[in-house]
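Hi,

Here is the structure I promised to pass on.

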Amino acid sequence: MKSRPSFLRVPGALVWTAFLAIVLGIAVQGAFATRANIARTFDQQSRIVQAQLDLEEILRLQIDEENSVRGYVLTRDPSYAVSYARQYSETAQAFDEKVEAVARVLAEQHLTAASQTLEDYVSLQSNWRRKIAAPLFASPHTDVGGLDKENKAFSDYENRTAAFIRSELAKQSDALARSTQEQINRDTYARAFWLALFGLLAILFNGFRSRLSSELEEERTTTEILQRAFRSEHVPLPNCEVGSAYLSASSHLAVGGDVFDVYRLSDSLAMVFIADVSGKGVDAAVLTAFIKFTIRGIALRRRDPGSMLAEFNTAFAQTVENPYLFVSMFVGVLDTQALQFRYASAGHDSAFVRRAHDVQQLQVTGPVLGVMEEPFETKTLYLEDGDTLVLVTDGLTEARSRKGEQLGERGAMDLIGSSNPQPQKLADELVAQVKALEGNHTRDDLAVLAIRVHEPGGFDAN
Amino acid sequence: MRISALIALVWLLAGGIALADCRVHQNELVLLYGTSDDPDVFVWDSRFRLRDYEGGTFDQMRALLPHATLVRPGTRAIVESCVANFVQSKYVAQPDDAIGIVITAGPLRGERGWVIGSAIRELTKRPRQ
């Protein structure tokens, strides 16, 4: 039997979904990470821009003060002194707040030199007020020559420090933007790599699965063709009605080796058997052909079912090398004139006889074939008019409901007892019941062979 | 050797110490104009003091003020010489030129001195004498 690694039997949809989930997870996580980075950078940049605006506002306030001083120096107009005093009182608090805000951003961005420069600037501004503005307005007749030059020097120094702070903030803003861009690039390349990798793996896996499914489907088709070819057509038997049905498992891997046969040995004798090979697939289907024709050959020489099984067991052991293969088989020879049924069962416990609505299970008379050399006992069953032999495989007794409840022998017997007595209808009803029980997921093959006997002369098979 | 010496002599006569990298050239007519915040311009008695002023701390700057004359914005002058990238201001990355000028108008007409390149606005070229 061909075996496949178990990991290949993992349901494709589940694996495919897992791949997609991983890919989607990466994509979503990456998108959120990028968004968080961009948001963080925007926040920092907006704080820097605000600091730049605050710095310009600081300069504007300072220039306004200086212009008042300059205007007073040039014109000696007292209105400049009034203007300066008003500006100073109104803007001193705003000036301090702006300085504090800029200092905070410089500290956050670790711009140490710029922070120091801002401190110098504020200190200078204070000195300018104390050493130039205040004495000038306090003593209007002061000689202004020196003050004018000092005022200019103040102005120059302030411009330089402001330019430096401005430049440091701009550089920091550029560095942030550059760093974010680099991070976005890195994230994009990394995500593209992982997406491509997982996508490729998913495609490869899907392709592999498709090929595997295709092979399995092909095997299933071959198996079913073989089974149909080796399954017996209904052979008309005198005083008998014969019905049969077959249900293939829904899984590719479960289609296998159920086989039955009705073979006429003489005018009044017929050999019937049903067997279930332990393996599945093409190999099991081929084995059913071996079983069918070997048993027929044996039946032509022997009429005792127990002897048939014993001889078959020997032939099976000599032919099939696989030690894990075995067969359960029920063989019977039906005398359609005497309504006598002699049978032997090699581990096949799914054989029943229905009498009216009473169903009895036929005994197992030996071990399954292919395991050990053991004799098989032959039993004799005397049939009455209307009795029906119902031979099935374990697809009936082991059928499970969607809740997992197994039908069992008792359930199978109940079903047989309650089914239509006409053999073909009985066989069809059993298959329909199993389908109804298991839904679309039939776990195992099911073969049904039903033979109803009648008193000689009481029934015309034709 | 002689040719090289001759070229050097001609160059010195023609342009003095004006350098090719300078933003203005000798005999160019210019206006003095400082920054828009404070357009007055310091004219220094030495280009080295100009450099020290631009590169110094505030206290160093104040100490140099007796060597500078403050002129009003728009004062006309002629370029006498230029030393490219001579001045490195504190906190400013790019160096600036030191430009030797002669004031040509106003009460300070005829006075010579040095100004920083950023305080120069080019006006016209003065024809060579």
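Below is what I found, starting with conventions.

It's a predicted model, where local features need pLDDT of at least 70, side-chain atom pairs count only at pLDDT 80 or more, and totals for chains, interfaces and linings use all residues. Residues are numbered from 1 along each chain as its sequence is written, with chains lettered from A and ligands numbered from 1 in the order in which they are written.

Chain A has nine helices and 10 strands (DSSP runs numbered from the N terminus: H or I of at least four residues for helices, E of at least two for strands). Of its 462 residues, 35% are buried, meaning 20 or more other C-beta atoms within 10 Å of the residue's own, with C-beta atoms placed from the backbone.

Helix α9(A) (residues 423–438) has 16 residues and should span 22 Å at 1.5 Å a residue; its end C-alpha atoms are 23 Å apart, which agrees (the expected span is 1.5 Å times one less than the number of residues). Its buried residues include L426(A), L430(A) and V434(A). Helix α6(A) (305–319) reaches 20 Å, close to the expected 21 Å, and F312(A) and F316(A) are among its buried residues.

As for the chains together, 15 residues of chain B are in contact with 15 of chain A (C-beta atoms, placed from the backbone, within 7 Å). On the chain B side, α3(B) gives the most, with three residues.

Cheers

Key
Buried ≥ 20, exposed ≤ 12 C-beta atoms within 10 Å, placed from the backbone. Contact = placed C-beta atoms within 7 Å.
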